[in-house]
Amino acid sequence: MLFLLLPLLAVLPGGGNADGLKEPVSFHVIRITTFYNHSWKRNLISGYLGDLQTHTSDRNCSTIIFLWPWSRGNFSNEEWKELEMLFHMRCVRILEGMHRYSRELQFEYPFEIQWTGGCELHSGKFSGSFLRLAYQGSDFVSFQNNSWLPSPVAGNMAKRLCKMLNQNQHKNNITHSLLSDTCPRLILGLLDAGKAHLQRQVKPEAWLSHGLSPGPGRLQLVCHVSGFYPKPVWVMWMRGEQEQQGTQRGDILPNADGTWYLRATLDVAAGEAAGLSCRVKHSSLEGQDIILYWGEKELGPRLEMPRGGPQA
């Protein structure tokens with residue numbers, strides 16, 4: 001049953017330098033497989049270094065797709081070809097195995113299986129790994145201390161799957177080695193190969209607009225911040241030097257070019273908007289905060305997002 005594990009880890013090279021990302025740093029692979037019936041399924045596979053997607057795969061698991069020139073880390077083309085073949089073989093066996101055991105495990109079509117696995121480095125040293133499987137969006141089984149354990153809330157189906165997975169301890173030892181040795185070397189290789197990209201500083205752009213009215217006599221003030229890298233950013237509506245605690249920050253979303261986008265809103269009475277400002281702090285600004293005052297510039301929704309626009 002090792003074929004249930006390796007697709008998470010088949011994109012792992014090695015070697016390098018641990019500079020470049022905020023500590024700690026992790027690499028993880030997410031695979032989501034939807035089984036519509038015995039012959040129709042769909043795969044979505046993504047690999048991430050921290051918050052940055054670095055790898056994906058085609059739907060047939062036959063090709064590893066490198067999303068950045070440095071996503072190959074320190075592996076040669078020949079080594080990647082070998083991993084790609086292994087990746088495809090294990091992916092196919094997963095699909096065959098899930099169909100074969102779906103009746104024994106009482107999985108009813110359609111169903112969805114989600115795998116996530118990876119590891120983390122702190123100060124350049126291995127600090128932990130994880131491998132988890134979810135069924136229909138709920139925790140199902142996880143890999144800990146060289147064996148598979150059922151989730152406490154998963155019931156008998158998870159226990160049966162763990163019993164099958166734990167029948168071959170040699171395969172579990174290989175899985176442990178992939179998580180605790182190969183995966184950390186992948187992170188080091190990516191950090192070394194992608195150092196210039198990962199350490200870059202890109203200044204944000206900011207603008208203000210009206211949001212949807214929250215009610216009669218009230219305004220929603222919107223501060224847009226886009227195109228910044230790295231991801232950590234501080235955005236707050238202010239009155240003078242006083243932070244407005246009603247500021248609501250949305251999720252930080254990716255732009256098409258790998259930079260980030262964020263919006264911060266504040267609901268106020270229409271007569272209280274004067275004197276408010278949006279302040280943006282980011283490492284690329286080197287202490288020179290962006291401050292935009294409400295009403296000083298023409299306001300309105302911006303039709304084009306800079307730098308490619310946020311992606312869903």
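This is a predicted model: local features need pLDDT of at least 70, side-chain atom pairs count only at pLDDT 80 or more; totals for chains, interfaces and linings use all residues.
Residues are numbered from 1 along each chain as its sequence is written, and side-chain values use heavy atoms, with hydrogens and water left out.

Let me start with strand E16, residues 276–281, where strands (E, at least two residues) and helices (H or I, at least four) are DSSP runs numbered from the N terminus. Of the 6 residues in E16, 5 are buried, meaning under 20% relative accessible area, with exposed over 50% and partly exposed in between, for a 1.4 Å probe and protein chains only. Strand E11, residues 234–239, pairs with E16 in the antiparallel sense over 6 bridges, pairing being called if DSSP finds at least two bridges between two strands, and Arg239 stands opposite Leu276. E16 is also joined by 4 bridges to strand E17, residues 290–293, again antiparallel, with Ile290 as the bridge partner of Val280.

Turning to the rings, the whole structure holds 12 aromatic pairs, counted for Phe, Tyr and Trp (its six-membered ring) when centres lie within 6.5 Å, with planes under 30 degrees apart taken as stacked, over 60 as edge-to-face and the rest as tilted. Phe66 and Trp80 have ring centres 4.7 Å apart and planes at 80 degrees, so this pair is edge-to-face. Because Phe66 lies in strand E4 and Trp80 in helix H1, the pair ties together parts that are 14 residues apart in sequence. Phe66 is partly exposed at 21%, whereas Trp80 is buried at 3%.
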